[in-house]
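Subject: Structure handover

Hello,

Here is the structure I said I would pass on. My notes follow it.

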Amino acid sequence: MIKNVLVALLSATAIACSADAAAAPSSDSNPQRPIVIAHRGASGYLPEHTLEAKALAYAMRPDYIEQDLVLSKDNHLIVMHDIYLDNTTDVAEVFPGRARDDGHYYTIDFTLAELKQLNVTETFVAGPQGPVAKYPNRFPLWKSSFQLSTLAEEIELIQGLNRTLGYDIGIYPEIKKPHFHHREGRDIATLTLTKLKQYGYTGREQKIYLQSFDAEELQRIKRELMPRLDMDLPLIQLIAITAWGEKQLEVDGKLSNYDYDWMLEPGGLERIATYADGIGPWLGMLAQVKEGQLHTTGLAQRARQHQLQVHPYTFRADPSELPPEVESFERLLHIAVERIGIDGLFTDHPDKALSYLSRNNPQ
Ligand code: G3P
Ligand code: CA
């Protein structure tokens, strides 16, 4: 719901931007070509986070391919977005009775061998007559055959293709819900760093960013874990709307939402710059409309003053995902690239973003 409200805000932004399309370029614009991050792979075309979606993304030649990470029962790093298996797999049919009391099937309650028994499909949601595809025009539900995979399997795919095709496409892992994993007695950050180091990602000379919505865990990574492991990876602080409940803290036995507001308040970016190399804001945080006119919020500009890169999420070309008044995905990209001046973007449709950038940022 809150995301929908913010999408509406962005819609209004786009109307105003359309109106001033002939205006002089914004002083916010970034002269460098923004990097393209394949969000969950080529997830606009194949089920997210499958190896097939990653191979297709690779063929589109983005700069980076994203991996969201959660832990299995036996401490394997599984590439998937949610801590639940509910909305992308057939877990309820394969393992009936394995849900927790809250009704969710948690990935952390299943071994890798069990997870490999599951079929993966496009994301679905509950509908009046049963599950329906979240994005109706994407790859059809339950067609073909897809599996969950580990971070190691995905890195081996990308590094293998880098070798056979000769490109240098990077990885962009996200440690999902470290606070949840800590409550389960697990240290997903240390396991992630150890695996990355095993595959040669130790410093800034390798093509990698490491991202998280968890500010305290990123600081722990920067100040404790990476020095201990002799690593120095660039870190991206993702920024959420507090009400999304992206991070929840236990207070007096109850879970309450972590307050993200400090990140956007005076001093917030300065604080982030002490441990991170960039921010990953929701796109709607970068521009607002006042009295019918587009105003960038200044967040991107302020971030650059602190030498923070700006990699917003998530650019989706599905007509259902475009704000109603935006006539095309290209218009959305124009707003972000020319008006806001982003340094990179997470997109489900890397081919379309790359096509736009090749025509509009020829360098
Ligand atoms: O990591 C950037 C973007 O992916 C954050 O949103 O929820 O898709 O992981 P989410
Ligand atoms: Ca992510």
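Thr 314 sits in the loop between β14 (309-310) and α11 (329-340); helices (H or I, at least four residues) and strands (E, at least two) are DSSP runs, numbered from the N terminus. The peptide bond that joins Tyr 313 and Thr 314 is cis, with omega at about -15 degrees. Tyr 313 is also one of the residues around ligand 1.

This is a predicted model, in which local features need pLDDT of at least 70 and side-chain atom pairs count only at pLDDT 80 or more, while totals for chains, interfaces and linings use all residues. Residues are numbered from 1 along each chain as its sequence is written, chains are lettered from A and ligands numbered from 1 in the order in which they are written, and side-chain values use heavy atoms, with hydrogens and water left out.

Ligand 1

The shell around ligand 1 consists of His 39, Arg 40, Glu 66, Asp 68, His 81, Glu 174, Lys 176, Gln 211, Phe 213, Leu 238, Tyr 313 and Phe 346 (a residue is counted if one of its heavy atoms lies within 4 Å). By class, this shell has 4 nonpolar, 3 polar and 5 charged residues. Here Ala, Val, Leu, Ile, Met, Phe, Trp, Tyr, Cys and Pro count as nonpolar, Asp, Glu, Lys and Arg as charged, and the others, Gly among them, as polar.

For Gln 211, a polar side-chain atom lies 2.6 Å from an oxygen atom of ligand 1. The protein covers 94% of the 290 Å² of accessible area that ligand 1 has on its own (Shrake-Rupley method, 1.4 Å probe; for residues, only the protein chains shown count as cover).

Calcium ion (ligand 2)

Which protein residues are the donors of the calcium ion? They are Glu 66 (OE), Asp 68 (OD) and Glu 174 (OE), at 2.1 to 2.4 Å from the ion. Donors are N, O and S atoms within 2.8 Å of the metal (3.2 Å for Na, K and Ca), and water is not among the atoms, so sites may look incomplete. Along the chain the donors follow the spacing E-x1-D-x105-E. Asp 68 in strand β2 (residues 64-71) and Glu 174 in strand β6 (residues 170-175) are 106 residues apart, a pair that links distant parts of the chain. Both Asp 68 and Glu 174 are buried (under 20% relative accessible area; exposed is over 50%, partly exposed in between; 1.4 Å probe, protein chains only).

Gln 67

Gln 67 also lies in strand β2 and counts as buried because its relative accessibility is 0%. The side chains of Gln 67 and Glu 154 are joined by a polar contact of 2.9 Å (a pair of N or O atoms within 3.5 Å; within protein, one must be able to donate a hydrogen and the other to accept it, and residues adjacent in sequence count only if both atoms are side-chain atoms). A polar side-chain atom of Gln 67 lies 3.2 Å from the backbone nitrogen of Tyr 172.

Positive phi

His 49, in the loop between β1 (35-38) and α2 (51-60), has phi near 65 degrees, a positive value in a residue other than glycine. Its relative accessible area is 2%, so His 49 is buried. Arg 61, in the loop between α2 and β2, has phi near 60 degrees. At 47% relative accessibility, Arg 61 is partly exposed.

Regards
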